[in-house]
Amino acid sequence: MNPSYAQNIITTPFKLVNSPYDEQNPVITPDRRALYFTLANHPQNINGKKDLGDIWISLLIGGQWTAPVHGGSVINDGSYNAIAGFSADGNQLFLVNHFGKNGNSASTQGFSISKRTDSGWSTPENISIPYFLNRSSRLTGMINDEGNVFIFSADSYNTRGVEDIYVSIKIDGQWKEPINLGSSINTSFQELTPSMSTDGKTIYFASNQQNGFGGFDIYQSTRLDDSWTLWSSPQNMQQPLNSEARELFYRPTKKLNLFTTTRNSDGYGDIRALIDSAQQTQSDTLIKISEVKHDLNSGRNKKVVITGKITNSKTGFGLSAKLSFKSDSLYSTTSSPDGAFQVTIPATKVYNIEVQSSHFVNLSERLDIHTFELKTLEMNFKLQPIEVGAVVNLKNILFYMGTTSLLEESYPELNVIVDFLKNNPKVEIQLDGHTDNRGDAKKNLVLSQQRVEKIKSYLVSKGISSKRIKGKGYGGTKPIATNDSEEARKLNRRVEFVILKD
(Lines give C-alpha, C1' and ligand atoms only; values in the text may rest on other atoms or scores of the structure.)
Protein backbone atom coordinates (compact mmCIF):
# COMPACT_ATOMS: atom_id res chain seq x y z
CA MET A 1 0.00 0.00 0.00
CA ASN A 2 1.51 3.29 -1.07
CA PRO A 3 -1.02 6.00 -0.17
CA SER A 4 -0.45 9.57 -1.22
CA TYR A 5 -1.69 10.79 2.15
CA ALA A 6 -0.78 10.10 5.74
CA GLN A 7 -2.76 7.59 7.77
CA ASN A 8 -3.31 7.46 11.51
CA ILE A 9 -4.16 4.72 13.98
CA ILE A 10 -7.13 5.74 16.14
CA THR A 11 -7.50 4.29 19.64
CA THR A 12 -9.50 6.75 21.81
CA PRO A 13 -13.03 5.89 20.55
CA PHE A 14 -12.47 2.26 21.62
CA LYS A 15 -11.34 3.07 25.16
CA LEU A 16 -14.40 1.46 26.76
CA VAL A 17 -14.42 -1.49 24.35
CA ASN A 18 -10.89 -2.82 24.78
CA SER A 19 -10.17 -4.85 27.89
CA PRO A 20 -7.59 -7.23 29.39
CA TYR A 21 -9.30 -9.95 27.35
CA ASP A 22 -8.74 -10.70 23.66
CA GLU A 23 -10.89 -8.57 21.31
CA GLN A 24 -11.30 -10.13 17.87
CA ASN A 25 -13.20 -9.75 14.60
CA PRO A 26 -14.74 -6.24 14.85
CA VAL A 27 -17.69 -5.63 12.48
CA ILE A 28 -19.75 -2.43 12.28
CA THR A 29 -23.44 -2.61 11.38
CA PRO A 30 -24.58 -1.03 8.08
CA ASP A 31 -26.15 1.93 9.92
CA ARG A 32 -22.80 2.44 11.70
CA ARG A 33 -24.45 2.58 15.10
CA ALA A 34 -23.27 -0.72 16.62
CA LEU A 35 -20.02 -2.64 16.80
CA TYR A 36 -20.15 -6.43 17.05
CA PHE A 37 -16.95 -8.24 17.99
CA THR A 38 -15.74 -11.48 19.53
CA LEU A 39 -14.30 -11.55 23.05
CA ALA A 40 -12.26 -14.58 24.09
CA ASN A 41 -12.05 -16.16 27.56
CA HIS A 42 -14.31 -13.66 29.27
CA PRO A 43 -15.92 -15.04 32.47
CA GLN A 44 -19.38 -13.96 31.23
CA ASN A 45 -19.05 -16.00 28.03
CA ILE A 46 -21.28 -19.05 27.67
CA ASN A 47 -18.46 -21.36 28.77
CA GLY A 48 -16.76 -18.82 31.01
CA LYS A 49 -13.01 -18.35 30.88
CA LYS A 50 -12.57 -21.52 28.81
CA ASP A 51 -14.82 -20.15 26.05
CA LEU A 52 -12.92 -19.51 22.81
CA GLY A 53 -15.06 -16.50 22.01
CA ASP A 54 -18.55 -15.01 22.31
CA ILE A 55 -20.08 -12.09 20.42
CA TRP A 56 -20.31 -8.81 22.35
CA ILE A 57 -21.94 -5.53 21.30
CA SER A 58 -20.94 -1.88 21.72
CA LEU A 59 -23.02 1.13 20.62
CA LEU A 60 -21.89 4.45 19.15
CA ILE A 61 -23.04 7.43 21.23
CA GLY A 62 -21.55 10.88 20.75
CA GLY A 63 -18.61 9.61 18.70
CA GLN A 64 -17.54 7.11 21.40
CA TRP A 65 -18.12 3.36 21.48
CA THR A 66 -19.80 2.39 24.75
CA ALA A 67 -18.85 -0.33 27.22
CA PRO A 68 -19.84 -3.59 25.52
CA VAL A 69 -22.47 -6.07 26.64
CA HIS A 70 -22.70 -9.79 25.97
CA GLY A 71 -24.70 -10.57 22.84
CA GLY A 72 -26.88 -13.14 24.62
CA SER A 73 -27.48 -16.86 24.26
CA VAL A 74 -29.38 -16.67 20.95
CA ILE A 75 -26.29 -15.81 18.85
CA ASN A 76 -23.74 -17.41 21.19
CA ASP A 77 -23.10 -20.98 22.26
CA GLY A 78 -20.22 -22.96 23.71
CA SER A 79 -18.21 -22.94 20.47
CA TYR A 80 -16.28 -20.09 18.83
CA ASN A 81 -18.78 -17.38 17.86
CA ALA A 82 -18.11 -14.50 15.46
CA ILE A 83 -19.82 -12.29 12.90
CA ALA A 84 -19.19 -12.90 9.20
CA GLY A 85 -21.19 -9.84 8.15
CA PHE A 86 -24.59 -8.22 7.76
CA SER A 87 -27.02 -7.92 4.87
CA ALA A 88 -27.06 -4.47 3.28
CA ASP A 89 -30.26 -3.49 5.12
CA GLY A 90 -28.92 -4.79 8.45
CA ASN A 91 -31.81 -7.20 8.90
CA GLN A 92 -29.76 -10.38 8.50
CA LEU A 93 -26.78 -11.38 10.60
CA PHE A 94 -24.26 -13.89 9.19
CA LEU A 95 -22.47 -16.07 11.77
CA VAL A 96 -19.39 -18.25 11.22
CA ASN A 97 -20.68 -21.40 12.87
CA HIS A 98 -23.56 -23.83 13.02
CA PHE A 99 -25.76 -23.99 16.13
CA GLY A 100 -26.96 -27.14 17.85
CA LYS A 101 -30.25 -27.75 19.61
CA ASN A 102 -30.98 -26.42 23.10
CA GLY A 103 -27.88 -24.24 23.14
CA ASN A 104 -25.48 -27.10 22.52
CA SER A 105 -22.59 -26.85 20.09
CA ALA A 106 -23.35 -28.26 16.65
CA SER A 107 -21.79 -31.42 15.21
CA THR A 108 -21.95 -29.97 11.68
CA GLN A 109 -20.03 -27.11 10.07
CA GLY A 110 -20.82 -24.10 7.89
CA PHE A 111 -22.30 -20.69 8.62
CA SER A 112 -25.70 -19.57 9.86
CA ILE A 113 -28.13 -16.69 9.42
CA SER A 114 -30.11 -14.87 12.11
CA LYS A 115 -32.90 -12.43 11.22
CA ARG A 116 -33.89 -9.24 13.02
CA THR A 117 -37.27 -9.41 14.77
CA ASP A 118 -39.17 -7.08 17.09
CA SER A 119 -37.74 -9.00 20.06
CA GLY A 120 -34.14 -9.22 18.83
CA TRP A 121 -32.23 -11.69 16.67
CA SER A 122 -33.95 -14.93 15.70
CA THR A 123 -32.59 -18.41 16.33
CA PRO A 124 -29.84 -18.89 13.70
CA GLU A 125 -30.62 -21.04 10.67
CA ASN A 126 -27.74 -23.35 9.73
CA ILE A 127 -26.52 -23.07 6.12
CA SER A 128 -24.63 -26.02 4.66
CA ILE A 129 -21.93 -25.83 1.99
CA PRO A 130 -20.93 -28.94 0.00
CA TYR A 131 -17.56 -30.44 1.02
CA PHE A 132 -17.10 -27.85 3.75
CA LEU A 133 -14.42 -28.83 6.27
CA ASN A 134 -12.50 -26.90 8.92
CA ARG A 135 -10.15 -28.78 11.24
CA SER A 136 -9.22 -25.62 13.13
CA SER A 137 -10.96 -24.66 16.38
CA ARG A 138 -11.90 -21.27 14.87
CA LEU A 139 -13.43 -20.19 11.58
CA THR A 140 -12.78 -16.62 10.45
CA GLY A 141 -14.01 -14.82 7.36
CA MET A 142 -16.53 -12.51 5.76
CA ILE A 143 -19.80 -12.75 3.84
CA ASN A 144 -20.57 -9.82 1.55
CA ASP A 145 -23.69 -7.71 2.13
CA GLU A 146 -25.45 -9.38 -0.80
CA GLY A 147 -25.07 -12.71 0.99
CA ASN A 148 -23.64 -14.59 -2.00
CA VAL A 149 -19.86 -14.69 -1.41
CA PHE A 150 -18.24 -16.28 1.66
CA ILE A 151 -14.47 -15.89 1.97
CA PHE A 152 -12.92 -17.71 4.91
CA SER A 153 -9.75 -19.28 6.31
CA ALA A 154 -9.71 -22.94 7.30
CA ASP A 155 -7.60 -26.04 7.69
CA SER A 156 -9.41 -27.99 5.00
CA TYR A 157 -8.94 -30.18 1.94
CA ASN A 158 -5.71 -29.46 0.04
CA THR A 159 -4.56 -26.85 2.55
CA ARG A 160 -0.99 -25.79 1.76
CA GLY A 161 -0.12 -24.44 5.20
CA VAL A 162 -1.70 -24.55 8.62
CA GLU A 163 -4.70 -22.60 7.32
CA ASP A 164 -5.52 -21.42 3.80
CA ILE A 165 -8.07 -18.97 2.41
CA TYR A 166 -11.09 -20.33 0.52
CA VAL A 167 -14.19 -18.89 -1.11
CA SER A 168 -17.68 -20.32 -1.59
CA ILE A 169 -20.12 -18.65 -3.98
CA LYS A 170 -23.91 -18.87 -4.04
CA ILE A 171 -25.22 -19.47 -7.57
CA ASP A 172 -28.90 -19.94 -8.43
CA GLY A 173 -29.74 -20.23 -4.75
CA GLN A 174 -27.16 -22.93 -4.02
CA TRP A 175 -23.81 -22.61 -2.24
CA LYS A 176 -20.97 -24.17 -4.21
CA GLU A 177 -18.00 -26.23 -3.07
CA PRO A 178 -15.22 -24.05 -1.57
CA ILE A 179 -12.39 -22.97 -3.86
CA ASN A 180 -8.82 -22.69 -2.56
CA LEU A 181 -7.56 -19.27 -3.66
CA GLY A 182 -4.34 -20.80 -4.94
CA SER A 183 -0.60 -20.47 -4.47
CA SER A 184 -0.51 -16.72 -5.11
CA ILE A 185 -2.37 -16.22 -1.81
CA ASN A 186 -1.83 -19.34 0.25
CA THR A 187 1.63 -20.35 1.45
CA SER A 188 3.20 -22.93 3.73
CA PHE A 189 2.56 -20.46 6.55
CA GLN A 190 -0.81 -19.33 7.98
CA GLU A 191 -3.29 -17.15 6.11
CA LEU A 192 -6.07 -15.93 8.39
CA THR A 193 -8.99 -13.51 8.92
CA PRO A 194 -9.81 -12.66 5.28
CA SER A 195 -12.11 -9.83 4.21
CA MET A 196 -12.88 -8.17 0.90
CA SER A 197 -13.71 -4.83 -0.65
CA THR A 198 -17.29 -3.88 -1.52
CA ASP A 199 -16.80 -4.81 -5.17
CA GLY A 200 -15.22 -8.15 -4.24
CA LYS A 201 -12.09 -7.47 -6.29
CA THR A 202 -9.64 -6.88 -3.45
CA ILE A 203 -9.05 -9.16 -0.51
CA TYR A 204 -7.28 -8.43 2.77
CA PHE A 205 -5.83 -11.08 5.03
CA ALA A 206 -3.30 -11.70 7.79
CA SER A 207 -0.26 -13.92 7.33
CA ASN A 208 2.85 -14.87 9.29
CA GLN A 209 4.85 -15.44 6.11
CA GLN A 210 8.46 -14.35 6.06
CA ASN A 211 9.68 -10.76 5.60
CA GLY A 212 6.84 -9.22 7.59
CA PHE A 213 7.12 -6.64 10.36
CA GLY A 214 5.90 -8.90 13.18
CA GLY A 215 4.05 -12.09 14.08
CA PHE A 216 1.16 -11.47 11.66
CA ASP A 217 0.89 -8.65 9.11
CA ILE A 218 -2.02 -7.54 6.93
CA TYR A 219 -1.69 -8.06 3.15
CA GLN A 220 -3.87 -7.13 0.18
CA SER A 221 -4.26 -8.65 -3.27
CA THR A 222 -6.41 -7.95 -6.35
CA ARG A 223 -8.44 -10.60 -8.15
CA LEU A 224 -7.44 -10.79 -11.84
CA ASP A 225 -10.31 -12.86 -13.23
CA ASP A 226 -13.52 -14.61 -12.22
CA SER A 227 -11.88 -17.92 -11.32
CA TRP A 228 -10.96 -16.72 -7.79
CA THR A 229 -7.60 -18.47 -8.21
CA LEU A 230 -5.66 -15.84 -10.16
CA TRP A 231 -4.42 -12.95 -8.00
CA SER A 232 -1.88 -10.18 -8.01
CA SER A 233 1.17 -10.70 -5.81
CA PRO A 234 0.06 -9.94 -2.21
CA GLN A 235 1.40 -6.63 -0.91
CA ASN A 236 2.27 -5.98 2.71
CA MET A 237 0.13 -2.98 3.77
CA GLN A 238 3.12 -1.48 5.61
CA GLN A 239 3.22 0.84 8.58
CA PRO A 240 1.41 2.35 10.41
CA LEU A 241 -1.04 -0.56 10.00
CA ASN A 242 1.51 -3.32 10.47
CA SER A 243 4.01 -3.41 13.30
CA GLU A 244 6.30 -5.74 15.21
CA ALA A 245 3.16 -6.97 17.02
CA ARG A 246 0.33 -9.15 15.66
CA GLU A 247 -2.26 -7.55 13.35
CA LEU A 248 -5.42 -9.49 12.47
CA PHE A 249 -9.06 -9.06 11.38
CA TYR A 250 -8.58 -6.12 8.99
CA ARG A 251 -11.97 -5.07 7.64
CA PRO A 252 -12.46 -2.01 5.41
CA THR A 253 -15.56 0.10 5.94
CA LYS A 254 -16.64 3.55 4.88
CA LYS A 255 -14.13 6.16 6.14
CA LEU A 256 -12.31 3.83 8.51
CA ASN A 257 -10.72 0.42 8.49
CA LEU A 258 -11.00 -1.75 11.58
CA PHE A 259 -8.41 -4.27 12.72
CA THR A 260 -6.99 -5.78 15.89
CA THR A 261 -3.44 -5.53 17.17
CA THR A 262 -1.40 -6.62 20.17
CA ARG A 263 0.76 -3.48 20.12
CA ASN A 264 0.62 -1.61 23.44
CA SER A 265 -2.07 -4.02 24.62
CA ASP A 266 -0.20 -6.21 27.12
CA GLY A 267 -0.12 -9.10 24.66
CA TYR A 268 -3.76 -9.43 23.60
CA GLY A 269 -5.77 -8.08 20.74
CA ASP A 270 -7.29 -4.61 20.99
CA ILE A 271 -9.54 -2.99 18.38
CA ARG A 272 -8.06 -0.10 16.41
CA ALA A 273 -9.08 1.94 13.36
CA LEU A 274 -6.93 3.17 10.49
CA ILE A 275 -8.14 6.43 8.94
CA ASP A 276 -6.78 9.01 6.54
CA SER A 277 -5.39 11.97 8.45
CA ALA A 278 -6.99 14.25 5.87
CA GLN A 279 -10.37 13.06 7.16
CA GLN A 280 -9.47 13.40 10.85
CA THR A 281 -10.25 16.59 12.74
CA GLN A 282 -10.58 17.50 16.39
CA SER A 283 -14.32 16.91 16.18
CA ASP A 284 -14.38 13.62 14.30
CA THR A 285 -11.63 11.32 15.52
CA LEU A 286 -13.67 8.30 14.47
CA ILE A 287 -16.61 9.39 12.35
CA LYS A 288 -17.96 12.85 11.69
CA ILE A 289 -20.31 13.49 14.55
CA SER A 290 -22.86 15.01 12.21
CA GLU A 291 -23.14 11.65 10.48
CA VAL A 292 -23.87 9.69 13.63
CA LYS A 293 -25.73 12.25 15.73
CA HIS A 294 -29.03 10.74 16.80
CA ASP A 295 -32.26 12.51 17.61
CA LEU A 296 -32.43 11.64 21.30
CA ASN A 297 -35.89 13.17 21.57
CA SER A 298 -37.23 10.36 19.41
CA GLY A 299 -35.86 7.79 21.88
CA ARG A 300 -36.96 9.34 25.16
CA ASN A 301 -39.90 6.99 25.58
CA LYS A 302 -38.12 3.87 24.40
CA LYS A 303 -37.32 1.09 26.82
CA VAL A 304 -34.99 -1.86 27.01
CA VAL A 305 -35.87 -5.08 28.83
CA ILE A 306 -32.92 -6.56 30.71
CA THR A 307 -33.15 -10.16 31.87
CA GLY A 308 -30.66 -12.53 33.41
CA LYS A 309 -29.70 -14.59 36.41
CA ILE A 310 -27.64 -14.02 39.55
CA THR A 311 -25.74 -17.02 40.85
CA ASN A 312 -23.33 -18.04 43.57
CA SER A 313 -19.96 -18.20 41.82
CA LYS A 314 -18.90 -21.11 44.02
CA THR A 315 -21.95 -23.37 43.78
CA GLY A 316 -23.65 -22.11 40.64
CA PHE A 317 -26.98 -21.91 42.47
CA GLY A 318 -29.26 -18.94 41.92
CA LEU A 319 -29.69 -16.44 44.72
CA SER A 320 -31.82 -13.48 45.65
CA ALA A 321 -30.04 -10.15 45.26
CA LYS A 322 -30.82 -6.48 44.82
CA LEU A 323 -29.93 -4.86 41.50
CA SER A 324 -29.69 -1.11 41.12
CA PHE A 325 -29.42 0.68 37.79
CA LYS A 326 -28.28 4.23 38.54
CA SER A 327 -28.28 7.16 36.12
CA ASP A 328 -30.08 10.44 36.76
CA SER A 329 -32.75 8.21 38.29
CA LEU A 330 -32.62 4.93 40.19
CA TYR A 331 -34.22 1.73 38.87
CA SER A 332 -34.14 -1.25 41.22
CA THR A 333 -35.31 -4.82 41.24
CA THR A 334 -34.73 -7.96 43.28
CA SER A 335 -34.01 -11.33 41.75
CA SER A 336 -36.21 -14.28 42.63
CA PRO A 337 -34.87 -17.06 44.91
CA ASP A 338 -33.61 -18.92 41.83
CA GLY A 339 -31.67 -15.82 40.74
CA ALA A 340 -33.81 -14.79 37.75
CA PHE A 341 -34.60 -11.12 37.23
CA GLN A 342 -36.19 -8.78 34.72
CA VAL A 343 -36.16 -5.00 34.70
CA THR A 344 -37.35 -2.45 32.15
CA ILE A 345 -35.41 0.82 31.99
CA PRO A 346 -35.13 3.82 29.66
CA ALA A 347 -32.88 2.97 26.75
CA THR A 348 -31.01 6.23 26.17
CA LYS A 349 -29.02 6.46 29.39
CA VAL A 350 -25.72 5.41 30.94
CA TYR A 351 -26.04 3.25 34.02
CA ASN A 352 -23.86 2.11 36.91
CA ILE A 353 -25.11 -1.31 37.95
CA GLU A 354 -24.70 -2.56 41.51
CA VAL A 355 -25.55 -6.10 42.59
CA GLN A 356 -25.76 -6.76 46.32
CA SER A 357 -26.63 -9.78 48.41
CA SER A 358 -25.93 -10.49 52.09
CA HIS A 359 -22.79 -12.55 52.69
CA PHE A 360 -21.53 -11.92 49.14
CA VAL A 361 -18.97 -9.54 47.67
CA ASN A 362 -20.68 -6.60 45.93
CA LEU A 363 -20.39 -6.45 42.17
CA SER A 364 -20.36 -3.34 39.98
CA GLU A 365 -20.64 -2.92 36.22
CA ARG A 366 -21.11 -0.01 33.82
CA LEU A 367 -23.71 -0.15 31.04
CA ASP A 368 -24.26 2.16 28.08
CA ILE A 369 -27.32 1.32 25.97
CA HIS A 370 -29.30 2.73 23.07
CA THR A 371 -32.44 1.32 21.45
CA PHE A 372 -31.36 2.03 17.91
CA GLU A 373 -29.83 -1.45 18.10
CA LEU A 374 -31.01 -3.27 21.24
CA LYS A 375 -34.50 -3.79 22.64
CA THR A 376 -33.51 -6.62 24.96
CA LEU A 377 -30.32 -7.48 26.81
CA GLU A 378 -29.25 -10.56 28.71
CA MET A 379 -26.91 -9.92 31.64
CA ASN A 380 -25.82 -12.63 34.07
CA PHE A 381 -23.93 -11.95 37.29
CA LYS A 382 -21.90 -14.25 39.54
CA LEU A 383 -21.42 -13.15 43.17
CA GLN A 384 -18.48 -14.30 45.27
CA PRO A 385 -19.31 -15.53 48.82
CA ILE A 386 -17.64 -13.74 51.73
CA GLU A 387 -15.56 -16.48 53.35
CA VAL A 388 -12.00 -16.98 54.49
CA GLY A 389 -9.87 -18.10 51.57
CA ALA A 390 -12.22 -16.76 48.91
CA VAL A 391 -10.32 -15.33 45.93
CA VAL A 392 -11.87 -12.38 44.10
CA ASN A 393 -10.49 -11.52 40.67
CA LEU A 394 -10.38 -7.77 40.06
CA LYS A 395 -10.71 -7.98 36.30
CA ASN A 396 -11.09 -4.26 35.67
CA ILE A 397 -8.08 -3.00 37.60
CA LEU A 398 -5.61 -2.22 34.83
CA PHE A 399 -2.20 -0.61 34.56
CA TYR A 400 -0.33 1.04 31.75
CA MET A 401 1.99 -1.57 30.29
CA GLY A 402 5.16 -2.02 32.34
CA THR A 403 4.24 0.70 34.90
CA THR A 404 2.42 1.20 38.19
CA SER A 405 0.14 3.89 36.70
CA LEU A 406 -3.52 2.93 36.91
CA LEU A 407 -5.74 3.27 33.86
CA GLU A 408 -8.75 5.54 34.42
CA GLU A 409 -11.21 2.67 34.02
CA SER A 410 -9.70 1.02 37.14
CA TYR A 411 -11.25 3.42 39.64
CA PRO A 412 -14.90 2.22 39.54
CA GLU A 413 -13.80 -1.25 40.64
CA LEU A 414 -11.43 0.18 43.23
CA ASN A 415 -14.35 2.13 44.67
CA VAL A 416 -16.41 -1.05 44.82
CA ILE A 417 -13.69 -2.57 47.03
CA VAL A 418 -13.77 0.54 49.23
CA ASP A 419 -17.55 0.23 49.66
CA PHE A 420 -17.29 -3.49 50.32
CA LEU A 421 -14.69 -3.01 53.07
CA LYS A 422 -16.65 -0.18 54.66
CA ASN A 423 -19.85 -2.24 54.68
CA ASN A 424 -18.02 -5.26 56.12
CA PRO A 425 -15.73 -3.73 58.78
CA LYS A 426 -14.48 -7.08 60.11
CA VAL A 427 -13.21 -8.27 56.74
CA GLU A 428 -9.44 -8.30 56.18
CA ILE A 429 -7.91 -8.97 52.79
CA GLN A 430 -4.64 -9.67 51.03
CA LEU A 431 -4.03 -8.14 47.63
CA ASP A 432 -2.14 -10.44 45.25
CA GLY A 433 -0.44 -9.24 42.06
CA HIS A 434 0.50 -11.65 39.27
CA THR A 435 2.20 -11.47 35.87
CA ASP A 436 2.86 -14.04 33.16
CA ASN A 437 6.30 -15.59 32.69
CA ARG A 438 7.55 -13.30 29.91
CA GLY A 439 10.51 -11.01 30.53
CA ASP A 440 12.87 -10.86 33.49
CA ALA A 441 11.47 -12.83 36.44
CA LYS A 442 12.99 -10.52 39.07
CA LYS A 443 11.60 -7.40 37.38
CA ASN A 444 8.16 -9.03 37.14
CA LEU A 445 8.28 -9.78 40.86
CA VAL A 446 9.18 -6.19 41.72
CA LEU A 447 6.56 -4.72 39.38
CA SER A 448 3.78 -6.92 40.77
CA GLN A 449 4.68 -5.86 44.33
CA GLN A 450 4.73 -2.18 43.37
CA ARG A 451 1.31 -2.50 41.75
CA VAL A 452 -0.12 -4.11 44.87
CA GLU A 453 1.24 -1.24 46.98
CA LYS A 454 -0.34 1.24 44.57
CA ILE A 455 -3.76 -0.36 45.05
CA LYS A 456 -3.34 -0.54 48.83
CA SER A 457 -2.41 3.16 48.96
CA TYR A 458 -5.60 4.07 47.12
CA LEU A 459 -7.78 2.05 49.49
CA VAL A 460 -6.10 3.59 52.53
CA SER A 461 -6.58 7.08 51.06
CA LYS A 462 -10.33 6.36 51.03
CA GLY A 463 -10.47 5.62 54.74
CA ILE A 464 -9.70 1.91 54.96
CA SER A 465 -7.28 1.00 57.75
CA SER A 466 -3.94 -0.23 56.44
CA LYS A 467 -4.04 -2.94 59.13
CA ARG A 468 -6.88 -4.59 57.24
CA ILE A 469 -4.93 -4.86 53.99
CA LYS A 470 -1.92 -7.00 53.28
CA GLY A 471 -0.28 -7.17 49.88
CA LYS A 472 2.13 -9.39 48.00
CA GLY A 473 3.45 -9.47 44.44
CA TYR A 474 4.14 -12.93 43.05
CA GLY A 475 5.40 -12.06 39.59
CA GLY A 476 4.92 -15.12 37.38
CA THR A 477 5.38 -17.73 40.12
CA LYS A 478 1.71 -18.63 40.56
CA PRO A 479 0.16 -19.20 37.13
CA ILE A 480 -3.42 -20.45 36.89
CA ALA A 481 -2.92 -21.56 33.29
CA THR A 482 -0.05 -22.64 31.06
CA ASN A 483 2.09 -19.90 29.52
CA ASP A 484 2.29 -21.53 26.08
CA SER A 485 -0.30 -19.30 24.37
CA GLU A 486 -1.45 -15.68 24.47
CA GLU A 487 -4.85 -16.77 25.78
CA ALA A 488 -3.27 -18.62 28.68
CA ARG A 489 -0.80 -15.85 29.55
CA LYS A 490 -3.66 -13.39 29.65
CA LEU A 491 -5.33 -15.42 32.41
CA ASN A 492 -2.10 -15.35 34.41
CA ARG A 493 -1.84 -11.53 34.37
CA ARG A 494 -4.25 -10.60 37.15
CA VAL A 495 -4.88 -8.76 40.39
CA GLU A 496 -6.86 -10.56 43.09
CA PHE A 497 -7.72 -10.20 46.71
CA VAL A 498 -8.03 -13.04 49.19
CA ILE A 499 -10.31 -12.79 52.22
CA LEU A 500 -8.19 -13.45 55.33
CA LYS A 501 -10.84 -12.72 57.95
CA ASP A 502 -14.60 -12.43 57.63
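A charge is said to sit over a ring when NZ of Lys or CZ of Arg is within 6 Å of the ring centre and within 35 degrees of the ring normal. Two such cases come up here. The charged end of R223 sits over the ring of W228, at 4.1 Å from the ring's centre. K472, for its part, lies over the face of Y474, with 5.5 Å to the ring centre.

A quick word on the ground rules. The model is a predicted one, with local features needing pLDDT of at least 70 and side-chain atom pairs counted only at pLDDT 80 or more, while totals for chains, interfaces and linings use all residues. Residues are numbered from 1 along each chain as its sequence is written, and side-chain values use heavy atoms, with hydrogens and water left out.

Next come the aromatic rings. Rings of Phe, Tyr and Trp (its six-membered ring) pair if their centres lie within 6.5 Å; planes under 30 degrees apart count as stacked, over 60 as edge-to-face and the rest as tilted. By this rule there are 15 aromatic pairs. One of them joins F132 and F152, a tilted pair with 5.1 Å from centre to centre and 45° between the planes. This pair links distant parts of the chain, 20 residues apart: F132 is in the loop between strand 11 (125-127) and strand 12 (140-143), and F152 is in strand 13. Strands here are DSSP runs of E with at least two residues, helices are runs of H or I with at least four, and both are numbered from the N terminus. F132 counts as buried because its relative accessibility is 11%, and F152 is buried too, at 1%. The cut-offs behind these words are under 20% relative accessible area for buried, over 50% for exposed, and partly exposed in between (1.4 Å probe, protein chains only).

Another pair, F325 with Y351, is edge-to-face, at 6.3 Å centre to centre and 80° between the planes. It also links distant parts of the chain, with F325 in strand 25 (residues 322-326) and Y351 in strand 28 (residues 350-356), 26 residues apart. F325 is buried, with a relative accessible area of 0%, and Y351 is buried with 0% as well. Elsewhere, F111, F132, F150, F152, Y166 and W175 make up one aromatic cluster.

Some of these names return in the nonpolar cores. A nonpolar core is a set of buried Ala, Val, Leu, Ile, Met, Phe, Trp, Tyr and Cys residues joined through side-chain atoms within 4.5 Å. In soluble globular proteins, nonpolar side chains tend to be buried together. The largest core in this model has 29 residues, and F111, L139, F150, F152, L241 and Y250 have the most contacts inside it. At least two residues of this core come from each of strand 9 (111-117), strand 13, strand 18 and strand 21. Leaving out residues up to four places away in sequence, L139 touches several others, among them Y80, V96, F132, F150 and F152; contact here means heavy atoms within 4.5 Å.

A second, separate core has 25 residues, including I386, L406, L414 and L431. L414 is also one of the buried residues of helix 2, along with E413, V416, I417, V418, F420 and L421. Helix 2 (residues 411-423) has 13 residues and reaches 18 Å from its first C-alpha to its last, close to the 18 Å expected. That expected span is 1.5 Å times one less than the number of residues.

T159 lies in the loop between strand 13 (149-154) and strand 14 (164-171), and counts as buried because its relative accessibility is 19%.

Most residues other than glycine have a negative phi, and most peptide bonds are trans. The bond from Q239 to P240, though, is cis, with omega near 10°. N211 is not a glycine, yet has a positive phi of about 70°; this residue is exposed, with a relative accessible area of 79%. F249 also has a positive phi, near 55°, but sits in strand 21 and is buried at 8%.
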